[in-house]
Amino acid sequence: MRSTRFSGPFNRRSWLAALAGSMALPSLAGVTARPAITLRFSHVVAEETPKGLAANRFKVLVEQRSGHRIGVQVYPNAQLYGDHDEMQALQLGAVDLVAPSLSKFGRIGLPEFELFDLPFLFDDLNAVRRITLGPLGKKLLQGLSRQGLVGLGFFDNGFKQMSANRPLLELKDFAGLRMRVQASRVIAAQMRALGARPVTLPFSETRRALATGVVDGTENPVSNFWTQAMHEVQSDLSLTEHGYLGYAVVTNQRFWQHLQPDDRALINQALQESLAFANQIADTQNDRALQALRQAGTTRIHRLGVDQRARLRQAVQPVQQQLADRIGPRWMSDLKQALHKS
Ligand code: LMR
């Protein structure tokens, strides 16, 4: 279990202060009237999350370094497109960049991405890096060309926790619960193995579904749980750390190939720096959200004992074979080799 670091009082003002502080305000000098190009970057989470902060950092870097010749318009919180249509919008050229959760690529014909969803696969973020920064990660991104897309890089949110209106510590606690999941067959299988019923819903509809009782609980890193105010409609958060949630930034092949080489290099460099920034802050964002949750006092926070976590891990073991049957033994052997697992 990773330690929980606290870093002082935390509320929305501190998010925005962090946001402003993290973004050196562009000087007015050299600002051109209108950008020659405007990149449209759509995502589904709040701005005060690792993905939201990364998108805003990318905007500042691109606009500063291009003298505002290249503009970036960020559309957070599924303002423009949500889970159901962001990939299609990208493929049609209606937006230029999206950064979906890795759990959402199986649905567009790339089931190998669901290896990131395997429960209890990664012991820590260093293990994730062995995939995302290694040959397997490169192979995964190359596979995006099958869908006319270009994968520009991976970055973290963090480890997922389970929420409901009861503690989720033992298998019996999950029995019959309707749990909102992302559109991932591995995550659906995980919930079934725990005795729950998976309900696939867009992220933007999750809080309302919890509030109205359409679903009983869900899973996400704390930064998403907090910034979507799920704590107002969930009485218990169980720190299972049972799975990883990360992202890939994706663009449209035609758009990317038609950029001027210098522009493409500037955009890519700004993006890589923004992804590194996101990985630096993701842990802290989740820890700060957990502290804010404690201070809010709305939700009981439960830590699992070693034996309790081991029993959950044992219960979901069959999910690995189900994925292997779908994506083939080669992906699984490459995965185990990359993670130095037998
Ligand atoms: C979810 O749908 O739960 C997450 O993928 C949201 C996100 O993009 O972090």
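How far is an oxygen atom of the ligand from an N or O atom in the side chain of Asn224? Select both: the distance is 2.9 Å, a polar contact (a pair of N or O atoms within 3.5 Å). The protein covers 100% of the 270 Å² of accessible area that the ligand has on its own, with areas from the Shrake-Rupley method and a 1.4 Å probe.

The model is predicted, so local features need pLDDT of at least 70 and side-chain atom pairs count only at pLDDT 80 or more, while totals for chains, interfaces and linings use all residues. Residues are numbered from 1 along each chain as its sequence is written, and side-chain values use heavy atoms, without hydrogens or water.

Next, select Lys51, where a side-chain N or O atom is 2.7 Å from a ligand oxygen. Then go to Lys104: one of its polar side-chain atoms also lies 2.7 Å from an oxygen atom of the ligand.

Now show the shell of 13 residues around the ligand, each with a heavy atom within 4 Å of it. Lys51, Lys104, Arg180, Asn220 and Tyr247 come nearest. The shell holds five nonpolar, four polar and four charged residues.

Finally, hide the ligand and look at the space it takes, the second largest cavity. On a 1 Å grid over the protein atoms alone, a cavity is a set of points where a 1.4 Å probe fits but cannot get out; lining residues have an atom within 4 Å of a point. This cavity contains about 80 Å³ of space. Its lining includes Val44, Val45, Ser101, Gln182, Phe203 and Leu245.

Conventions:
A polar contact is a pair of N or O atoms within 3.5 Å; within protein, one must be able to donate a hydrogen and the other to accept it, and residues adjacent in sequence count only if both atoms are side-chain atoms. On a 1 Å grid over the protein atoms alone, a cavity is a set of points where a 1.4 Å probe fits but cannot get out, and a pocket is an open set with protein on both sides within 12 Å along at least five of seven lines; lining residues have an atom within 4 Å of a point. A molecule sits in a cavity or pocket if more than half of its atoms lie within 2 Å of its grid points. Ala, Val, Leu, Ile, Met, Phe, Trp, Tyr, Cys and Pro count as nonpolar, Asp, Glu, Lys and Arg as charged, and the others, Gly among them, as polar. Grid points are joined across faces, edges and corners, and a volume is the space filled by probe spheres set on the points.
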